[in-house]
Amino acid sequence: MTSYIIRRLLQIIPTVFVALSFLFFIFFLLPGDPARLIAGGAERNVDPGVLERVEARYGLDDPILTQFGNYWERTIRWDLGDSFLTRENVNDILGEKAVASLRLATWAIIIEIVVGIAVGLLSAIRRYSIGDRLTTILTAAASAIPVFVLGFVLQYIFAVQPNKWDWPEWARLRTSGIGPDTWTFFFIPTGEQWRYLILPAITLASVTTALLARMTRGSMLEVLRADYMRTARSKGLGERDVVLKHGLRNAMLPVVTLIGIDFGTAIGAAVLTETTFNWPGLGSQIVNSVQQRDLPVLLGLTLAVVLAYAFVNLVVDVSYAWFDPRIRLGKGEHA
Amino acid sequence: MRRQRRSMKLLALILGLSLVAAACGGDDDDEGAEGDETAEENEGVQGGEFIDLGTFSQGPPEHLDPGINTTSDGHQVNGSLYDGLAETDFSDPDNPETVGVVAESWDVNDDATEFVFHLREGLTFSDGEEVLPSSFVRAWERASEPDFAGDYSYLFTFIEGGAEKLDGTAETISGVEADDDEMTLTVTLAAPYANFAAVAGFQTFMPMPDDVDELTDQSEWERGIMVGNGPFMMEAPANDQEIVLVPNPEWDGTNYDEALGLPEQPFLDKLTFTIGTDIDTAYNAFEAGEGDMTDFAPGRYQEAQDNWATTIDTPFLGAYYFMFNDRDERVGGEENLLLRQAISQAIDREDINTDVYEGSRTTATGIAPPGIPGFEEGLCDYCGYDPEAAEAAFQEWQDAGNSLDGPLPIQFNADSGHEPVVQIIIDNLADIGLESVAEPIPPDDYFGQLADGACVFCRVGWLADYPTYDNFTFDIFGTEALDGNNYGYSNPEFDDLIAEAKATTDADEAGELFRQAEQILLNDDTGVVPINWYNGTRVYNGDKVANFVEEPTGHVLWETVSLKG
């Protein structure tokens, strides 16, 4: 197991290198001159002398391969540089945005796991019941509704209407912003914080929860038909133990994979949710940095997202061994 | 892709909200009508926090520093942090008047080439430093440093030696002289300019304390607490969530001209500009009671007017128009005049105003809007909707052997609400047999690409920096226009008339000359297609807010805004 984990960690290195190198070169293919933006934004004609000085200051006048080499030389030392536009250190930006993203993603995944697995499980056990049919319709609807529409509708129901009806302050959820930023144990909202968190977390979780419920249902239905389930019942085990200990655990492999992918996506690509709720996370900052041609921010934040994604996938792979003891990580196939 | 997301979003949002509203049922209270009435009562009290959700609803400001800022959103902040030599009194909107602020008065010589500003004594920055004539010289030299200068630095070319300073051939602006003992600031202009006092009140000319001299990089100023001499000061450096201002205890509005009607101190204890990412979210936040003011969200103009107090009745000194690139062989030059006139006459401006803006704007009959001294209605001969005349002109242009190789591309900044306007224009042009196609450009790079020659027939908007006719002629259509004259319009006759008008101290005579120049632009050359003039864009809670005034330049007079008790 240890050698497997070490090997997987080493595999992260080429993954990061390829992803960031690709992004680096793509950046220079995009329309819009970063030097002009640094020199005062897109909406002006910049004096050629000023442009030259900006290019020299940021090394943008070097050949692209030299810039590429310099970038990696700095990145290996975790020197992510400063934002072209705000001059803020990218580590500071990363610290602020990554924490906000991680908290939101954590709560979205908690909602996804609790609701998605429970609904999928019940739906599979009570197949073709009214509840099952309702679940099928609702999950299809939830998957189809664009995130921003759901976000705006939730804002209208739980924030705008309560304000019009003059509900007590604590019962009015908030539409935007990160709020007072008060947390216990890093991710538990305290005080007013939950009012800011709940709607973006539900919105971010909506599509993935629906997919997870569908996948749990399908996976459970397959497992419920398996021979070992009949064996378990014939041994006299109670239905609860049969379903939860033998059925659910065996149905979890594809489900855990999906949760892992969702968590990685929720950290780095929750752009629409972050925009709709003005939540200052990594996804929207990465999009802004592309629009503003802010290369250090783009690469620094992407680096963090790629690392988070790789780490989550590692955890998922390791968890396979727990869910299915037949899987032995790090061992070769021997006859 | 972004463009599609925006329109889908709008449609889906309207559908979604309609369903929810239907489900929730009639709770349509009468906040709107009530708000309109109470807004006029003006019974504000001292204290309280005002949260502005609208100014930065779509992102943080590009700049806050008045020396380099070019946007009206950034000016909402720095206009409250700094007081300049003069400002415009809009109490009579039809006759705006330039009145002294830091300058108690000024003298101007007969040929309008030298202005001597007499500064008030005893005014200070928020850190206690005295505001002196040299504070202005410091600021002007700083804002005209070639390495730092912003878009508006071209304004320094109005001053003798300003052009040389900007092109790096001079160390200082030779035409500015400060006498701190006499409290006078003498400005010698490069060319006669009777309206210079109005320009000198613009944000680029705000004074700076000596703290800026200690900076090695002037761009650091706006990343910290900018010390100013205005009614408010920064509580903390701006961040990507909010900008918070508090009253400047050193400021006293009663020091200034009574005509301005300023209070001794701002009424608000705190003024918070929330920085958002989406105008619809900001509007929802406003409706959820999370703030006191926002901007109209697209498609919700009427709803906003029905439910809240608005500034929709405030005519703005701003124009929304489309430009032809005179350097483009498809539309530019004398040989394509008939084509340009055909396009201008084919566009149904009333339809655009009704369908897209729900009647919230004023259909334009020229570029310079009502309220600009010298304005006259109906200068444009080709701005009326006349598809028959348009079709005939287009036919005549074709009969002369002209043709377009493909559809006429119409450029606009994507995802900024212009898609439906462009679509109406495309339909209008199709009606006269002229095929055209939308060419959206990413908003962050829009004007950059126009500067690189991307404009063929492109959307532009202009909000007055100061209420002068030359701001709507010289600054955008002159051969030496702002942004380097991106659209190639250049006519020596137009330039000469503007220069003559700027040098004329007689207001009526100057107005006549400016109008002649505008008519050349609109009719003889048809270099521009005016669409509409802007009106106020703010929605506020009239039950809670008093004295909310949005000036025709879009600037809110924050020092007079108060909350009701």
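In strand E11 of chain B, the bridge partner of Glu242(B) is Thr274(B), a pairing taken, like everything described here, from a predicted model. This bridge belongs to the contact between strand E10 (residues 242-247) and strand E11 (residues 270-275) of chain B, which pair in the antiparallel sense over four bridges. E10(B) also pairs with strand E9 (residues 232-234) of chain B, again in the antiparallel sense, over three bridges, and here Met234(B) has Leu245(B) of E10(B) as its bridge partner.

Elsewhere in chain B, three strands form an open sheet in the order E1-E22-E21, with antiparallel pairing. Its edge strands are E1 (44-45) and E21 (545-546), each of which pairs on one side only. E21(B) is joined to strand E22 (residues 562-564) of chain B by two bridges, and in E22(B) the bridge partner of Ala546(B) is Ser562(B).

| Strand pair | Sense | Bridges |
|---|---|---|
| E9(B) and E10(B) | antiparallel | three |
| E10(B) and E11(B) | antiparallel | four |
| E21(B) and E22(B) | antiparallel | two |

Helix H4 (residues 133-143) of chain B contributes a set of buried residues, namely Pro133(B), Ser135(B), Phe136(B), Val137(B), Ala139(B), Trp140(B) and Ala143(B). For Ala342(B), once its neighbours within four places in sequence are left aside, the residues in contact are Ala390(B), Ala393(B), Phe394(B), Trp397(B) and Ile432(B).

In chain A, the axes of helix H7 (residues 147-164) and helix H8 (residues 193-224) come within 10 Å and cross at roughly 145°, and H7(A) passes H8(A) in a right-handed crossing. On the side of H7(A), the contact is made by Val147(A), Leu150(A), Gly151(A), Leu154(A), Gln155(A) and Phe158(A), and on the side of H8(A) by Leu199(A), Ile202(A), Thr203(A), Ser206(A) and Val207(A). The residues of this contact between H7(A) and H8(A) divide into seven nonpolar and four polar, with no charged residue among them.

How values were computed. Residues numbered from 1 in each chain as written. Chains lettered and ligands numbered in written order. Predicted model: local features only at pLDDT ≥ 70, side-chain atom pairs only at ≥ 80, totals over all residues. Pairing = 2+ DSSP bridges. Buried ≥ 20, exposed ≤ 12 C-beta atoms within 10 Å, placed from the backbone. Axes fitted to C-alpha atoms, helices over the stretch in contact; angles between N-to-C directions. Left-handed = near helix turned anticlockwise from the far one by under 90°. Contact = placed C-beta atoms within 7 Å. Nonpolar A, V, L, I, M, F, W, Y, C, P; charged D, E, K, R; others polar.
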